[in-house]
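Please consult the sequence and the coordinates alongside the notes.

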Amino acid sequence: MTRSVFVTGGNRGIGLEIARAMAADGDRVAVGHRSGEPPEGLFGVRCEVTDQASVDAAFAAVAEHQGPVEVLVANAGITRDTLMLRMGDEAFDEVLDTNLKGVFRTVRAAAGGMIAGRRGRIVLVSSALGFLGSPGQTNYAATKTALLGLARSLAWEVGSRGVTVNLVAPGIIDTDMTRDLTDRRMRDVMRMTPLGRPGTAAEVAAAVRFLASDAAGYITGAVLPVGGGIGMGV
Ligand code: NDP
């Protein structure tokens with residue numbers, strides 16, 4: 001059965017790969033994009049996750065186009081890396097507002113329809129390095145680990161209605177977000193990665209597809225690491 005899927009931050013990187021993979025499976029897929037044009041061949045809606053009105057308008061547009069959202073992939077995220085002693089309030093707040101409150105806004109917009117429809121899949125994109133701790137990323141790591149508390153609490157609230165809530169925790173994935181990593185940092189992270197290479201967006205998409213599938217119907221409140229073994233799943 002085809003489902004109505006919505007992927008935030010779906011115009012590039014991991015989100016775009018997830019959207020393409022799910023569309024290839026036959027799902028009706030909408031991507032949220034805050035800037036630029038929607039990717040070729042996919043239905044796009046403007047969605048700025050720091051703005052509740054934009055999120056609500058996006059969900060309404062998706063519902064009208066392909067039915068209420070049955071699978072939400074909360075993928076939009078940013079980094080504003082710097083050591084804590086140099087980190088201004090703005091860098092901290094911006095990352096919280098996007099990566100944590102942005103997920104809250106989108107999940108809240110999605111959950112009502114899923115509860116009413118008595119089925120749904122919510123997948124949040126977290127981070128393996130967030131769980132390990134990562135110098136220069138106190139703001140980012142705080143948000144990505146907070147998603148676990150959000151997911152597990154929500155899992156209790158919606159479980160009896162057939163809705164699951166899970167996290168994927170990617171390691172270093174080759175996208176725009178990681179292109180500016182210094183060679184030294186990349187070497188350090190690769191030394192902690194048994195598979196010894198960065199992952200691809202397609203490898204993250206495969207994990208998201210699984211968590212969103214019927215086959216994962218008895219999995220909720222879980223973290224699926226996609227990090228080449230980094231941290232062995234912590
Ligand atoms: P990219 O920087 O390539 O893409 C980020 C996406 O998020 C873009 O589509 C961007 O939109 C969107 N976005 C950012 N802020 C907002 C906002 N306020 N409202 C709506 N959309 C927004 O990063 P990745 O694809 O690598 O990252 C995707 C997710 O995966 C993020 O949550 C990231 O934290 C997570 N992740 C990435 C890892 C990696 O190594 N790459 C590792 C672990 C987790 P726009 O094009 O307008 O900027």
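The points below cover the basis of the model, the sheet, a helix pair and the ligand shell.

This is a predicted model, in which local features need pLDDT of at least 70, side-chain atom pairs count only at pLDDT 80 or more, and totals for chains, interfaces and linings use all residues. Residues are numbered from 1 along each chain as its sequence is written. Helices (H or I, at least four residues) and strands (E, at least two) are DSSP runs, numbered from the N terminus.

**Annotation**
- An unreviewed UniProt entry lists residues 3–175 as "domain: Ketoreductase"; such annotations may be inferred rather than shown by experiment.
- Across residues 3–175, the chain is 47% helix and 18% strand, with the end C-alpha atoms 27 Å apart.

- Seven strands form an open sheet in the order 3-2-1-4-5-6-7, with parallel pairing (two strands pair if DSSP finds at least two bridges between them).
- Strand 3 (43–46) and strand 7 (223–226) stand at the edges with a single partner strand each, so one side of each has no neighbour in the sheet.
- On average, neighbouring strands of this sheet are turned by 20° against each other, direction ignored.
- Strand 5 (residues 120–125) and strand 6 (residues 163–170) run parallel and are joined by six bridges; Arg121 stands opposite Thr164 in strand 6.
- Helix 5 (residues 138–158) lies across strand 5, strand 6 and strand 7, at about 165° to strand 6 (angles run from 0 to 180 degrees between N-to-C directions, and axes are lines fitted to C-alpha atoms, for helices over the stretch in contact).

**Helix pair**
- The axes of helix 2 (residues 52–66) and helix 3 come within 10 Å and cross at roughly 35°.
- Helix 2 contributes Gln52, Val55, Asp56 and Phe59 to this contact, and helix 3 contributes Arg105, Thr106, Ala109 and Ala110 (residues are in contact if their C-beta atoms, placed from the backbone, lie within 7 Å).
- The residues of this contact comprise four nonpolar, two polar and two charged (Ala, Val, Leu, Ile, Met, Phe, Trp, Tyr, Cys and Pro count as nonpolar, Asp, Glu, Lys and Arg as charged, and the others, Gly among them, as polar).

**Ligand shell**
- There are 28 residues around the ligand, of which Gly9, Gly13, Ala76, Gly77 and Thr175 come nearest (a residue is near a molecule if its C-beta atom, placed from the backbone, lies within 6 Å of it).
- Helix 1 (13–24) and helix 3 (89–117) are the elements that give two or more residues to the shell.
- Helix 1 supplies the largest share, three residues.
- The shell has 10 nonpolar, 14 polar and four charged residues.

Note on methods. Two residues are in contact if their C-beta atoms, placed from the backbone, lie within 7 Å.
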